[in-house]
Amino acid sequence: MPSGAVRVTAKRGFYGEIFLICFACLLLEVSYTRIFSFKFFYFFTYLVIGVALMGLGAAGVVVALVPAIKRMPLGRLLRGACFFSSASIIAGYAVIARIPINTLEIPLTYAEPAKLALVCGALFAAFFGIGTAIASILGRNSESINRLYFADLTGAALGCAVAVPFISSLGPISCVMLSSCAIASAGIWS
């Protein structure tokens with residue numbers, strides 16, 4: 001290379017990572033709606049959707065406002081967010097499966113709302129990690145946002161398309177664990 005020449009390095013796209021993360025996110029969300037409709041009443045499936053959106057949105061706010069996150073190298077941040085989310089999915093399922101909630105007593109006692117808050121916190125943590133990864137990828141790669149968004153939507157569409165057949169054949173618990181593995185794979189890949 002001649003002296004004074006500037007070396008240009010290609011910026012990594014993170015297309016595979018966002019595809020896997022969004023695939024896992026939708027598979028996880030649909031799987032949890034099945035679990036919640038079985039464990040509680042069917043209308044608690046809307047709670048899953050609300051908590052998932054809250055976790056994704058809160059993560060986007062934190063990524064935008066915390067300077068330390070903005071300074072962290074993207075690969076390292078993605079590994080941390082993906083591994084946090086993967087571990088949160090496994091630990092969160094253990095919490096959700098083991099805590100019995102009597103939904104009819106929620107308005108009558110303090111214990112049942114506290115248990116429900118714990119279950120929601122376990123669900124929130126998994127989606128917070130996912131949201132951190134997605135917001136970081138999209139926020140730092142604005143020059144290729146169209147291709148990243150395509151990978152995001154393709155992964156999410158595939159997650160939606162396979163959710164019902166996977167839940168029918170594998171079961172919702174296996175689908176929750178599959179989503180954990182997919183997110184961990186995205187973390188390893190980054």
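Is Cys-22 buried or exposed? I looked this up and found that Cys-22 counts as buried, because its relative accessibility is 3%. Buried means under 20% relative accessible area, exposed over 50%, and partly exposed in between, with a 1.4 Å probe and protein chains only.

Notes on the model. I am working with a predicted model, where local features need pLDDT of at least 70, side-chain atom pairs count only at pLDDT 80 or more, and totals for chains, interfaces and linings use all residues. I count residues from 1 along each chain as its sequence is written, and side-chain values use heavy atoms, with hydrogens and water left out.

Cysteines. I searched for disulfides (pairs of cysteine sulfur atoms within 2.5 Å) and found 0. For Cys-22, the nearest cysteine sulfur belongs to Cys-25, 6.5 Å away. For Cys-82, which is also in no disulfide, the nearest is that of Cys-22, at 10 Å. I noted Cys-82 as buried because its relative accessibility is 2%.

Pocket. I then turned to the largest pocket, which holds about 150 Å³ of space. A pocket is an open set of points on a 1 Å grid over the protein atoms alone, where a 1.4 Å probe fits, with protein on both sides within 12 Å along at least five of seven lines; lining residues have an atom within 4 Å of a point. Its lining includes Arg-34, Phe-38, Tyr-93 and Pro-172. I recorded that H1 (15–39), H4 (74–98) and H7 (172–189) each supply at least two lining residues; helices are DSSP runs of H or I, at least four residues. H1 gives the largest share, 4 residues.

Key
Points joined across faces, edges and corners; volume = space filled by probe spheres on them.
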